[in-house]
Amino acid sequence: MKQPKRYLITSALPYANGLKHIGHLAGAYLPADIYVRYLKAQKRDVVFVCGSDEHGTAIPIQATKEGTTARAIIDKYHPIMKQNFKDLGIDFDIYHRTSDPLHHETAKEFFTKLNDNGDLEIKETEQYFDEQANSFLADRYIKGTCPNCSYDSAYGDQCERCGKSLSPDELINPVSTLSGNKPIKKSTKHWYLPLNRHEDFLRDWILKEHANDWRSTVVGQCKSWIDGGLQPRAVTRDLDWGVTLPESVDGGKGKVLYVWFDAPVGYISATKQWALNNDKDWKPYWQDKDTKLVHFIGKDNIVFHCIIFPIMLKLHGDILPDNVPANEFMNLEGDKMSTSRNWKVEMQDYVDDFINKENGGSQMADVLRYYLTLIAPETKDSEFTWQGFQDANNSELVSIFGNFVNRSLVLMHKLCKGKVPPLHAEALTDLDRTVVADIQAAKEKVEALLEQYKFRDALFEVINLARTGNQYMQKKEPWIVVKQLSEDGQPTAEAQASIDNTLHICLQLCANLAVLINPFLPFTARKMCYLMKVVDKMLDWENAGKMKLLSTGYSLRPPELLFRKIEDSEIAEQLEKLKAAVVNREASVVSKDSTMEEINPKFADVKSEIVFDDFAKIDLRVGKIISAEKVEKADKLLKLSVDLGFETRTIVSGIALHFKPEDIVGKQVTVVVNLAPRKMRGIESNGMILMAEDANGKLHFMNPEAEINPGAGVS
RNA sequence: GGCGAGGUAGCUCAGUUGGUUAGAGCACAGGAUUCAUAACCCUGAGGUCACGAGUUCAAAUCUCGUUCUCGCUACCA
């Protein structure tokens, strides 16, 4: 197999709207880090880039929720995420950020090149513009009279009464729903990436070339997209947070690049920044065919890294990824990890609870790395349990790996005077030779598995080598052999030779373990070097499989434990914490919202002012839900019957993910009763239920504090 | 709802192109041992391979149907 000249490894850019959890770590960061450490140990030319993804609408929205600015949000989360990765041993060559000027420049250049080459489609349209709100109006923000049925409240995209699809231009007497004013026509442009032009390329590249060497989930998902027919995808957006279009681009004012377009370019700008910092040239890493590019991501990101970004790269003249080893998701204690439900263990939590504790230290980072690699969701979703975490540590890391290293060092001090004993070739047994061969074999297995991104299996082989060491020692039992005394009270020459050989091999095996475990557990590997009094350079991969890593006669440090046991109480604590967090989140919702309102009265962008008459147009009533059922073929919709006193109405509401139908029957709700009917999934909805959304995205009914008569007016 | 991936021992996971009694680690039980963090070592028990049909001399593996989980997507006034 031809070896690439250089490697460029990326991990998905974490979105800077909150802290990331250990599921993210296991999916996109840890595997990449293991792979990179392995390549670096081989002295390959490799750059490992990542950074915070800081654009997109969710950041300003998060800012609104936290009562602050978008800038403040990213400045808050970026450094914490960077530090979390460092604490857990994720050793990026650079952790960049997309808010950096260099990134903006790079993304603009990328856009410009594609635009200049005619690879983007521009659709220039006369769109309605609300002068008072100072923004273009999406179709649904425009109302007017339907040309088909003369209904006077038709939306820009569809008439609710006759069901006809419309464009805003067809509406008679259009009105902006933002301000109530008559919008003006203004010319606007948007740029699109015509994915559909590249279907043949994708078919060849993914479904033929990579049908076998990419993971089946990845190929399957791509096939699904390609077969479904690709559509042009808007590259630009009317938004004020993001990478602005280049000045030179006509009609680009007030627009930014859509976040999906700018974020992956972040890999390139990060590489540029790395090159600047290290006085290197970034270009070969993205443009030379001898570079192997690998994207590590979670399965939710497949389409971007396998379909969209490759098209961008191809058009821009860059290399394509060699592989995209997407991981599945990791569940936690029987349920999906979820930020909104607070069912998660953040990297920060782990750092606080295990690494930064008195009995913690960086060794504890390795413990997490070990367990996450062991249960990595490489082919299907997997499950993190604290019990599993404890077991993995106590009965594998401690009992097998740590114990072997410890007993080797202890025995060496007791039976060989604290020095690496010589190897007596004439006294070698078959068993000795077998173990030596096993060490070489282990190296080859680990190597082969890592090249295939099978990290779990590779790690198992390393642990298995430690297990082999334990078995070997058990069979040779030097602590028994030492009792074969000669007349002077010292062990016989044969006995000492056997002991020397055993310990010599065990110690070389320890040194090999350090080399092999290094990509997975870097802190542990370094501690082992310390104990064996060798420099970190011994960890170079070329040393794996060799039997002369430790020189005969060399004295080693007194043994120290590599890992400590994790107590039942610590596990119980974590489980408690997990449950408490869920309860707290639910309890804190009410108080938290109200305090935020007080602190920051300008909680959200307040809509433009309206006169009382405008408000009075809205007819709000109290109603009572008398029945609820799920709408067929729709995940989010519930069909409700609401008693309004004077009549009972059918209302369709998009709340199915938040409430079970049986739980909301009998609830009082506030209803907009004079809203134009609208058909959803074939059911006509006559009104709208008012809901409040809290900072966690959870919905709450707006209802009177005491049960009152249905139909009561609200004002 | 459409599409994609998955459902294998108590737990976490392997099972390449269909081929003898379905594997590993942990946990569990019994034994042995003491150099070692009550660690190690040996042995053992434990599975209707989600369910139901079909193809085949032969199915965990191929086909169809059912069901459950996850992801993408549509539905959110």
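A residue counts as near a molecule or strand if one of its heavy atoms lies within 4 Å of it. This is a predicted model, with local features needing pLDDT of at least 70 and side-chain atom pairs counting only at pLDDT 80 or more, while totals for chains, interfaces and linings use all residues. Residues are numbered from 1 along each chain as its sequence is written, chains are lettered from A and ligands numbered from 1 in the order written, and side-chain values use heavy atoms, leaving out hydrogens and water.

**View 1. Here are the surroundings of RNA strand B.** Sort them by class and you get 20 nonpolar, 18 polar and 19 charged (Ala, Val, Leu, Ile, Met, Phe, Trp, Tyr, Cys and Pro are nonpolar; Asp, Glu, Lys and Arg are charged; the others, Gly among them, are polar). On the RNA side, 74% of the atoms within 4 Å of the protein belong to sugar or phosphate, and the rest to bases.

**View 2. Polar contacts reach RNA strand B from R456 and S382.** A polar contact here is a pair of N or O atoms within 3.5 Å. R456 puts a polar side-chain atom 2.9 Å from a sugar or linking oxygen of RNA strand B. An N or O atom in the S382 side chain sits 3.4 Å from a phosphate oxygen of RNA strand B.

**View 3. Three strands make an open sheet, ordered β16-β15-β17.** Strands are DSSP runs (E, at least two residues) numbered from the N terminus, and two of them pair if DSSP finds at least two bridges between them. The pairing is mixed, with β16 (335–336) and β17 (382–384) at the edges. Strand β15 (residues 330–332) runs antiparallel to β16, joined by 2 bridges; N331 has K336 of β16 as its bridge partner.

Notes
Helix = DSSP H or I, 4+ residues; strand = E, 2+ residues; numbered from the N terminus. Polar contact = N/O pair within 3.5 Å; in protein donor to acceptor, adjacent residues only side chain to side chain.
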